[in-house]
Amino acid sequence: MELFDNLLLGLSTALQFNNLLYCLIGVVIGTAIGVLPGIGPIPTIALLLPFTFGLEPASSLIMLAGIFYGAQYGGSTTAILVNVPGETSSVVTCLDGHEMAKQGRAGPALAIAAISSFFAGTVATIIIAVLSLPLADLAMRFTAVEYFSLLVLGLIAAVVLAHGSVMKSLAMVFLGLLLGVIGIDVNSGAARMTFGVPSLADGLDFVPVAMGMFGLAEIIANLERPSVQRVVSQKLHDLIPSRADLKAAFPAMVRGTFLGSALGVLPGGGAALPPFSSYALEKKLAKDPSRFGKGAIEGVAGPEAANNAGAQTSFIPLLTLGIPANALMALMIGALMMQGIQPGPQVMTEQPELVWGVIASMWTGNLMLLVINLPLVGLWVSMLKIPYRLLFPAIVLFCCIGTYGISNSAFNVWLMLGCAVLGYFFIKVGVEPAPLLLGLVLGPQLEENFRRAMQLSDGDPSVFLTRPISAVLLGVVALMLIAMLSPAVLRKRKEALAE
């Protein structure tokens, strides 16, 4: 009964007019940035963080969540019609979705993509609701010892699941941890790495770092890439899929939903893991694998379902444990902290209308996306004609205004611009900045929990191995490190990087 009471509380919050309005704004912005290649949900949410400062906590989180899962819908539209994935997660959809479009079946492909996403979103919302309470109850029993081990597991998992070089990912995590401890030490009062700059006494502000490294850096990199003008002109018809299409797509839809839901919870999993895994699974289970890449509807249904389910279940560690599963969830933690809310399991009991309002809004948001996506396909595709040279000055202006407005500090503007240059450098040398952001967010929590654990054990570090849950978590970390540094895994990573 408690679950139903919480869901009713969430629906009463999500169905308030202002929250419905912000949910609609979020999913429309999400669809738009999903359509435009290069402007993904991470840069967009990083850029919009300052503008959520004046909103109610529930409204701001509902809007930011809508941007995230709305982008998954938008990316599939251009992947199918133009063979240009708006999102990394939509790359797989190009393989069969665009082939269907070339065969004159763009309508069914778009419809199956939308239906798969809605089905997966609905199921993922139920999974979040069912798992949130028991996980939060478990987390409430955690002491600082277990939290420290859990945070270490999250950081190492982010390295394991990141693309490219292991050493580069580890270096980014450590750099993020170092940046996270800049400022006045709370216990001793000593200044750490402030270099005599008063603005650094309170530490690096999360928002300018995220806006520069993920927002502006990605936009700068996009200026170098050729703009895409290959917009299809064919008229769409048969937007309602046939019974045969639904029959073929439904099993893939179900498998993709549950696979994506499981992979979305993994720390550091990223947007590409669920759809790629689903496509590989469908191809393996197919009676005739040769159909894939030639317009197989299962190649659209499975990845799209996995994509959306993974996007939504990545909220589970954030809402129950206060730990981000990926870089975008780290931005969500930043949004909570801007509202004066300390992320963690206590949020479930102290702010139930916030947590359950966000969970319930995912269903209303998915329903909105189903309604607005298919009728407005022409509008979304025409957005590809907007040149980046016009978008760039407007984005930079809004970034500077938003960053300055957080604390009326010109230092934050310079910090954002400096991080933009650094982020652009990381892009050019092929280093993924997401582990750095996770290190920056989790660093202060890691240090605080380590100190508390040492106080609880009178300075005995063996406490991390004598407590059962902590020992299991650190055992998983050790297995991950051994597997990650094995020659076979390193060789596969190099091969993937070469491709």
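The exercises below, each with a worked solution, concern a predicted model.

Residues are numbered from 1 along each chain as its sequence is written. In this predicted model local features need pLDDT of at least 70, side-chain atom pairs count only at pLDDT 80 or more, and totals for chains, interfaces and linings use all residues, while side-chain values use heavy atoms, with hydrogens and water left out.

**Exercise 1.** Decide which residues of α19 are buried and which exposed residues lie on the face turned away from them.

*Solution.* Buried means under 20% relative accessible area, exposed over 50%, and partly exposed in between, with a 1.4 Å probe and protein chains only. By this rule N412, V413, L415, M416, C419, A420, G423 and F426 of α19 are buried. They cover an arc of only 155 degrees around the axis, which puts them on the same side of α19; the arc is that of the directions from the helix axis to the C-beta atoms. An α-helix has 3.6 residues a turn, so residues three or four places apart point the same way. The face of α19 turned away from the buried side carries the exposed residues W414 and V421.

**Exercise 2.** Find where G302 lies, and state whether G302 is buried or exposed.

*Solution.* G302 is placed in helix α12, residues 298-313. Its relative accessibility is 0%, and therefore G302 counts as buried. The C-alpha atom of G302 is separated by 9.5 Å from that of P274, although the two residues are 28 residues apart along the chain.

**Exercise 3.** Identify the helices in which confidence is lowest and highest.

*Solution.* Over the protein its mean is 79, and 89% of the residues reach 70 or more. Confidence is lowest in helix α23 (residues 487-498), with a mean of 57, whereas helix α2 (residues 17-35) has the highest, at 88.

Definitions and conventions: Helices (H or I, at least four residues) and strands (E, at least two) are DSSP runs, numbered from the N terminus. pLDDT is the predictor's confidence in each residue, from 0 to 100.
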